[in-house]
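Dear colleague,

Please find below a structure that I am handing over to you for further work. My findings follow directly after it.

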Amino acid sequence: MLEIAGLRVVMGAQEILRGVDLTVGAGEIVAVVGANGVGKTTLMRAISGVYRPSGGQIRFEGADIAGLASHRIVARGLSQAPEGRQIFSSMSVRENLVLGGGPHGLAELDRVLALFPLLGERMSQNAGSLSGGEQQMLCIARALMRRPRLLLLDEPSLGLAPKLIRIIFDLVASIRAAGLSILLVEQNARGALKIADRAAVMEGGRIALAGRAADLAADRRVAETYLGGHVEA
Ligand SMILES: Nc1ncnc2c1ncn2[C@@H]1O[C@H](COP(=O)(O)OP(=O)(O)OP(=O)(O)O)[C@@H](O)[C@H]1O
Ligand SMILES: [Mg+2]
């Protein structure tokens, strides 16, 4: 579904992505984990058309999308729930969702709200007054309003309490169960490796290690660096 090969992104004098290879198959959850500043968000932005690649290929459902404007990429069925949520805080939940909806607009609202009953109860509340977890749900729900086949999620668990992190990861699993493919960037490597089929570890603008998520969770070096030293049972 998504095939990335040799992807490079240069900003000024700095080469931030230095030849990234990554694939996401239909119906898969693929997790990208890694320390701060290794290029995870840059990768998401290059895929979604926010940053222009300096080299390499990005193919979505067989078509080359590298360098396309982000609205064209969204229109092809690839949406991003960006890092930091970026919701319109002075607008209501409903307005955020409808604005995110593009051509499908209101027709998508019921379908999306079925996944987020909590948001349904808060449709006229200002988005800025939602809790952190509710704001994250709104961010994901807004991305789903475009009816994507591939969803990019950048740090959905960031800043949330453990109980909410579990709810968000369960939600990600249920979105996949609804038929979407997901590329998930997370610093919560433990949680991400649990729900992902495959995973990649990013270091210094490259994929340092990739494989089945369960194998990475059982890898001693991954555990020491990203799972607090504890190898998954
Ligand atoms: N627009 C930009 N201009 C210059 N440098 C940038 C730009 N965007 C990102 N960078 C730099 O690229 C590097 C990777 O940033 P990126 O946001 O991709 O990291 P990350 O892996 O998502 O980190 P985090 O886990 O903290 O979110 C950082 O050093 C960052 O400062
Ligand atoms: Mg980031």
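The lining of the largest pocket comprises 8 nonpolar, 9 polar and 5 charged residues. Please note that the model is predicted.

The volume of this largest pocket is about 430 Å³. Its lining counts 22 residues, of which Val-74, Ser-79, Gln-80, Pro-82 and Arg-142 are the closest to the centre. Two or more lining residues come from each of α1 (40-47), α2 (70-75), β6, α3 (93-100) and α6. In terms of domains, at least three lining residues are drawn from each of domain 1 (1-77 + 149-233) and domain 2 (86-147).

I turn next to the sheet. It is open and has 6 strands in the order β6-β7-β8-β3-β9-β10, with mixed pairing. Strands β6 (78-81) and β10 (206-212) form the edges, each pairing on one side only. From one strand to the next, the twist averages 15°.

The pairing of β9 (residues 198-203) with β10 is antiparallel and extends over 6 bridges. Within β10, Arg-212 is the bridge partner of Arg-198.

Two helices remain to be described. Helix α6 (residues 132-144) packs on the sheet, where it touches β6 and β7 (150-154), and its direction makes about 170° with that of β6. Both α6 and β6 also give residues to the lining of the largest pocket. Helix α7 (residues 162-177) lies across β3 (29-33), β7 and β8 (181-186), and runs at about 160° to β8.

With kind regards

Note on methods. Residues numbered from 1 in each chain as written. Chains lettered and ligands numbered in written order. Predicted model: local features only at pLDDT ≥ 70, side-chain atom pairs only at ≥ 80, totals over all residues. Heavy atoms only, no water. Pairing = 2+ DSSP bridges. Helix = DSSP H or I, 4+ residues; strand = E, 2+ residues; numbered from the N terminus. Axes fitted to C-alpha atoms, helices over the stretch in contact; angles between N-to-C directions. Contact = heavy atoms within 4.5 Å. 1 Å grid on protein atoms, 1.4 Å probe; cavity = no way out; pocket = protein on both sides within 12 Å on 5 of 7 lines; lining within 4 Å. Points joined across faces, edges and corners; volume = space filled by probe spheres on them. Nonpolar A, V, L, I, M, F, W, Y, C, P; charged D, E, K, R; others polar. Domains from an automatic or database assignment.
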